[in-house]
Amino acid sequence: MDLTLRLFGTMELRVEGDFLPHGPRHLAGEKLLALLALQGPQSRARLAATLWPEVTESQGRFYLRRSLMELKQRLAHVADALTETAGTLALALPQTACDLWGFDHALQQSDDTTAVSLYRGPLLTDWDDDWIQTERMQREQEFLGALERLARSATTLQDAIIALKRLIALDPARESAWSALMEAQARRGDPATLMQTYRDLRLWLSENLRILPTPETTALYEQLLAEARRAPPPKIAFPTRSRLPLTPTALIGRHDALEQLQARFEETRLLTLVGTGGVGKTRLALATLESLQDDPRFSDGIAWVDLAALSDPSLVRARIATALELSETAELATLLANRKLLLALDNCEHLLDAIADEVDTLLTACPTLFFLATSREPLGLSSETIWRVPALAEDESFQLFQARAQKVLPGWQLTEQNRPLVRQLCQRLDDLPLAIELAAARLGSLPLSELVRRLDARFDLLTGGSRTMLRRQQTLRAAMDWSWELLTKDEQTALRQLAIFISPFSLDAGEVACPEGLTQLPALVSKSLIAFSPEHDSYRLLETVREYVMEQELGDAGRAARQRYLQYISNQAKQAVAEYFGPNRHYWHQRLEAAHDNIRLILSDAVQSHPELALELAGNLWLFWREQGYRLEGLRTLRQLLESGTAFPEALQGRAWLGAGILAYETADYDTTYHALNEALQRAQRHQDGWAEGEALRVLGLAHWNQGHSDQARDLYLQSQACFVRCQHKGGQASVLASLGHLAWNLGQLQESSAYNRQSRALFQELGDEAGLAEINANLGLIARSLDDYSAARRYMNEALEARRRLGMRGGVAAVVHQLGVLSYLEARYNEAIPYLKESAQHWRELGDPGWLALSLYYLGLVQKAQRAFPEAICSLSESLQLRRQQKAKRSIAGLQYALGAIWLEQKQYDDAIPALHESARLRLEIGLPVFCGESLDVLACLHARQGKAALAVPYLSYAAKLREGKDEVEDKHPHRDEATRRTKEALPESSWQQLWEQGAALDSLDALLSL
């Protein structure tokens, strides 16, 4: 049986997935179904009275019988969904059969996401019966409440803003939603939008309700605006990768086009250059961008994103992010919200839907962001301005032909004698720049008259081609056919082999793919089929040339080239792993980064054609993926291979599972981390792969530590150390010693931490590993900080910062900046701490590291709390809490709830403070931190004392004291404990106070205390 009902919006009724059309004669039966779905089983008398209230009881029963009969006939073989027992009708359907039931169930389960997704609009909008009105209003209010809760708990500012705007559009009188929207905009550092939101609120209230915003809303707005103006978010420092690519030749002509394109940005933020392949879209776009580099509208830079190499639509956002050297998981809408940036997207035609979606999202969220796109088709957005790139004008074609001809024949000149032939050739090529360049390059081997004759003959052959193909496409294809036929067999073979590269390739990679590369490359470069970049010492096939060669089919030569390059890059990745601990780590990762697009392509092909080689390559690439920020991409590739069902050799599986587990850990996916690392551990032990076994144990220790299991973490670290010692892997030993040192520091064992770190430093020095030495300096800085030697701590941290900046370690830089912020916080230099912590949080957003982001936000919240900037502190700590809940990090959740509870206590928000502090106490005791649990209980005691509940506060103080017996405390001062003690002793006789103290000490569990 498959009967489904949709009651939100217009009623829909489907049987076996087929929609049953509406009609006047079906109306009563449909209302009968809707009523049963809304109100559950009903007697016939009640159904008749509800559906036909204006008629007599006997008439109502008659109408009900007739409607019920017609409805069952209409439902046919699913009519048994309507059941009747003792005169009571009911719907016997699963919960999933009705969107309303799913909505109600989701709300009962506190699943606001599902509830909001099911709500398509007001209930049964086509009908206005009395029995519907109350239900409609109730569900609408429930939906709006769920939407507001989702907005307030959103993990990203952009998600919160989108949800709040939707909420306001549906319920503009909900002033709390306007306030939440202003808070989100303030956190995004957007005072202009914040001001506009408040103006919109005032205008709506004035026009519709004849009132002004409440004093609380106005005060909030003024506070948020002042703070947003005082503390603008740090700017993204776009690195060198976002610079424009070098143009190999000067632009010929197009001066009028350049002026027009510059002017178009006065009226649009999305300009798309559209035209056929070879018309010069990319070259014209580059010239336009070069002319705009000093424009103040783009003071944050002009970034170039080449999308030609991309085949997976899901990677569009990642490609844009990595072009700006942001993480593939970066929240672009948040990070670019106030940036004056011009983003150029080149070669969009093969990914139009994905690119259009991303551009539309960013245009909406980022009011000062501009786009210049090139494509063979428009993106199809309403905000898009289309500029069709024309073919060259006659004089421009002459200029281009002469300039390119002189590259192969330096003395060649355009004369009155050869001018007609040149014009004839350019006309036959439809004045397309690429086709003209290809023709001019042939002057080194053929006279001009022969060029024209051969081209004419080729066009004669094309007249019988497809009528649906544009003539310019026919012409360009003709030019490419003609160029192809002029190549020698060896040159054609070389192009088939080199077409495996989708992005620039080095000479040694080219020689691997094309063994005769040294002899063929110069000829192909001279014929304008391959471009050479002296600055980067690399080669690249022109896009249209590569497309043409791929259409010819790579054949055996191309397939052999793929196989050779796959083996070559696999060997490179192996060498990068072998030299990871040492002076060459950065060198190898730079090499792999330069070849990354080619690696993506070859790996994508190998997943299907050579899965075993693909797994071997991926199993050696994960170190590169982790360090360069391609964690999700790498994890997706490894999962695809490991879950494909292929019977891989176990040794290969071990390294691949290890990479999957470590990449999952880096993205805080702990379920996958544990599963993958345990799979890796089993295989490493069976095949005696000591390094893989040790690394799996070490990262399992990191995962356990992050989830509050310090004893398990230490045991795993020690097992890891034993593995590395057995296999004599000094890099692994150094890493796990550093991890042991960091754990010891966190547990307050400073001498032990110092000893571990100094042993690690000696090994890193022996290996010549600058990155490892920077890590140890950062750790020694933490130890010095814990010893209150702040000057030494700064010295160590600044040394680490300098080294990591030199090595381009963005994550390492962010970590040290974070620690400098914490150091400033501990020194009570709050105005210095906030910029450090905001900068580190910004880095972690860009890098997509939720664990570190949560940590920076936590300390930022503590600084703001110390400055009594409570609204800002709550925002920072709440965002950190959301991240930590996703990571299931119990230790951090407990600390955050403790900090939030203390703030809510100060603000007299006791209903918020109590559950937060309860959770903090429970978690701290659960993970073996009784002293810290006592701190949470002291704050609760203070809360109860302030409420005048002295008899309740004293047992909390007593139980907390019992937890501290025989244990050292971390904090020197205990203001909440002291206040609670003073208040309760003032409120109670000494004998009563002592009796309550003894009662609290006698309690046998924390739950017994919290239930008082």
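Predicted model: local features only at pLDDT ≥ 70, side-chain atom pairs only at ≥ 80, totals over all residues.
## The five-stranded sheet

Let's start with an open sheet of 5 strands, which has the order β8-β9-β10-β7-β11 and parallel pairing. Two strands count as paired if DSSP finds at least two bridges between them. Strands here are DSSP runs of E with at least two residues, helices are runs of H or I with at least four, and both are numbered from the N terminus. At the edges sit β8 (302-306) and β11 (385-388), each pairing on one side only. From one strand to the next, the twist averages 20°; angles run from 0 to 180 degrees between N-to-C directions, and axes are lines fitted to C-alpha atoms, for helices over the stretch in contact.

Now for some helices on this sheet. Helix α11 (residues 255-264) packs on it, touching β7 (270-274) and β11, and its direction makes about 175° with that of β11. "Contact" means heavy atoms within 4.5 Å. Helix α15 (residues 352-365) lies across β7, β9 and β10 (369-375), running at about 165° to β10.

Residues are numbered from 1 along each chain as its sequence is written, and side-chain values use heavy atoms, with hydrogens and water left out.

pLDDT is the predictor's confidence in each residue, from 0 to 100. The protein's mean pLDDT is 84, and 92% of its residues reach 70 or more. Two stretches to treat with care are next. Over residues 232-242 pLDDT stays under 50, and the model has 30 contacts beyond four places in sequence for them. Over residues 458-474 pLDDT also stays under 50, with 18 contacts beyond four places in sequence.

## The three-stranded sheet

There's another open sheet, built from 3 strands in the order β4-β6-β5 with antiparallel pairing. Its edge strands are β4 (42-43) and β5 (82-85), and each pairs on one side only. Helix α1 (residues 27-39) packs on this sheet and touches β4, β5 and β6, its direction making about 85° with that of β6.

Zooming in, β5 and β6 (residues 88-91) run antiparallel, with 4 bridges joining them. Glu84 stands opposite Leu89 in β6.

Helix α25 (residues 555-578) and helix α27 (residues 596-609) pack at an angle of about 115°, with their axes 10 Å apart. That makes α25 roughly perpendicular to α27. In these terms, angles under 35 degrees are roughly parallel, over 145 roughly antiparallel, 65 to 115 roughly perpendicular, and the rest oblique. α25 passes α27 in a left-handed crossing, meaning that the near helix is turned anticlockwise from the far one by less than a right angle (clockwise would be right-handed).

Who meets whom? Arg562, Tyr565, Leu566 and Ile569 in α25 meet Asn598, Ile599, Ile602, Asp605 and Ala606 in α27. The residues of this contact divide into 6 nonpolar, 1 polar and 2 charged. Here Ala, Val, Leu, Ile, Met, Phe, Trp, Tyr, Cys and Pro count as nonpolar, Asp, Glu, Lys and Arg as charged, and the others, Gly among them, as polar.

The axes of helix α36 (residues 770-786) and helix α37 (residues 790-807) come within 8 Å and cross at roughly 160°. That makes α36 roughly antiparallel to α37. Their crossing is left-handed. The contact of α36 with α37 has 14 nonpolar, 2 polar and 6 charged residues.

Further along, helix α39 (residues 830-847) and helix α40 (residues 850-866) pack at an angle of about 155°, with axes 9 Å apart. α39 and α40 are therefore roughly antiparallel to each other, and their crossing is left-handed. Among the residues that meet here are Trp844 and Arg845 in α39, and Trp852 and Leu853 in α40. By class, the contact of α39 with α40 has 13 nonpolar, 2 polar and 2 charged residues.
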